[in-house]
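These are my notebook entries on one structure, kept in the order in which I looked things up.

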Amino acid sequence: MAPTIKVGIVGATGKTGKSIVEGLLASETNFDITSLARPSSIDSAANAELKGRGIHVVAADLTGPKEDLVKVLAGIDVVISCIVFSSLEDQIPLAEAAKQAGVGRFVPCDFGTPTTRGVMNLHDRKDDVLAAVQRLRLPYTVIDVGWWIENTVPSIPSGRTDHAVNKLVDVIPGDGTVPIAYTSLTDVGVYVAKIIADPRTLNRKVFAYTEVLTANQFADLMDELSGEKSKRNYLPAHEIQNALVSSRSALEKNPTDSSATVALVLNEYLDSWGLRGDNTPEYAAYLGYLDMKELYPGISGKTTREVFQELLSGK
């Protein structure tokens, strides 16, 4: 029998964290899971639910005394961070403690779309964290998963998808012809479970995605399955660029402007995967990523068709 892999997860009760917990629990690999929770939320209902499923829940203050964090991480094989984007830099003391505790693999909070520096501030902050990890010579794996199918479910006249529509990104960048790699949120954990148990992915970046469609094909699929004409809100490239200029200008005047921060993040994503075409297997390979489909040809996630069928049936 293969040895148990002890995994510590930061952010286990968030969307990505929940998916990863589910994927680890369902995996054929034996994982022993510990949720590293904020001291203030240790007794929350969400953490109580984790405990009820056999998951250890321990208090971990990422910005507290390092020796306390080292003790928490002692014996952990893999640390996975699903930290909120506003606290990405808190991963650096976590990585330092992981190195001191002898953690064998650190998975920083990426789980997004691949790109290079200078395109997205969010990516650059994540890349700064990776650089800190590499300066420590701490073993790592970066995992990007493409764009969540659930993030851009099209609206239809009957309102049957309204419960799943994300109005912040209910748009089609440019003319909708750029290829985009999609993954269902429910499969992120399934993919992570395979990747972190594989020695081939140590000190590498992995692109884990399910399928590639253009935004127009994505909407066409909803039209086919629903029998309706989806609402296609095309957002011209110049409007995305203007929004980027505006949000960056606002943040220069007030770095704490939360509205400008959200606008910057969203429009940089639209620019990267919707206009530049960064979120594709080909570009990820160019950047040096391993392709999950080549690593695990027998693994297939939930397709856009399947996600849409579930949504239209009321699930």
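**Entry 1, the sheet.** I began with an open sheet of 3 strands, which has the order β6-β10-β13 with parallel pairing. The edge strands are β6 and β13, since each of them pairs on one side only. For the record, I took two strands as paired if DSSP finds at least two bridges between them, and I took helices (H or I, at least four residues) and strands (E, at least two) as DSSP runs, numbered from the N terminus.

Before going further I noted that this is a predicted model, in which local features need pLDDT of at least 70 and side-chain atom pairs count only at pLDDT 80 or more, while totals for chains, interfaces and linings use all residues. Residues are numbered from 1 along each chain as its sequence is written, and side-chain values use heavy atoms, with hydrogens and water left out.

Strand β6 (residues 141-144) pairs with strand β10 (residues 204-207) in the parallel sense, over 4 bridges. Within that pairing I found valine 142 opposite lysine 205 of β10. On the β13 side, β10 meets strand β13 (residues 290-291), again in the parallel sense, over 2 bridges. There valine 206 has leucine 290 of β13 as its bridge partner, and phenylalanine 207 stands opposite aspartate 291.

Which residues have the most contacts inside the largest nonpolar core? I find Ile9, Ile80 and Phe111, in a core of 90 residues. The largest share of this core, 7 residues, comes from helix α9 (residues 258-276). Apart from it lies another core, of 5 residues, including Phe207 and Tyr289. A nonpolar core here is a set of buried Ala, Val, Leu, Ile, Met, Phe, Trp, Tyr and Cys residues joined through side-chain atoms within 4.5 Å. Buried means under 20% relative accessible area, exposed over 50%, and partly exposed in between, with a 1.4 Å probe and protein chains only. As background, nonpolar side chains in soluble globular proteins tend to be buried together.

I then listed the contacts (heavy atoms within 4.5 Å) of phenylalanine 111. Leaving out residues up to four places away in sequence, phenylalanine 111 touches, among others, Ile20, Ile80, Cys82, Ile143 and Val188.

I also looked up serine 247, which is found in helix α8 (residues 237-253). At 4% relative accessibility, serine 247 counts as buried, and beyond its neighbours within four places in sequence it is in contact with Ala260, Ala263 and Leu264.

A search of the whole structure gives 0 disulfides, a disulfide being a pair of cysteine sulfur atoms within 2.5 Å. Cysteine 82 is in none, and the nearest cysteine sulfur, that of cysteine 109, is 5.9 Å away. Cysteine 82 counts as buried because its relative accessibility is 12%, and cysteine 109 counts as buried at 9%.

How many salt bridges does a search of the whole structure find? The search gives 15, where a salt bridge is a side-chain nitrogen of Lys or Arg within 4 Å of a carboxyl oxygen of Asp or Glu.

One of these joins lysine 66 to glutamate 96, with the closest N and O atoms 3.2 Å apart. This pair links distant parts of the chain, since lysine 66 lies in helix α3 (residues 66-73) and glutamate 96 in helix α4 (residues 91-101), 30 residues apart. Lysine 66 counts as partly exposed at 34% relative accessibility, and glutamate 96 is partly exposed at 29%.

Arginine 117 and aspartate 128 also meet through their side chains in a salt bridge, at 3.1 Å from N to O. I placed arginine 117 in the loop between β5 (105-107) and α5 (121-135), and aspartate 128 in helix α5, 11 residues apart. Arginine 117 is partly exposed at 42%, and aspartate 128 is partly exposed at 40%.

Last, aspartate 223 forms a salt bridge with lysine 229, the closest N and O atoms being 3.7 Å apart. Here aspartate 223 counts as buried at 13% relative accessibility, whereas lysine 229 is exposed at 56%. Both belong to a network of salt bridges that links Asp220, Asp223, Lys229 and Arg232.
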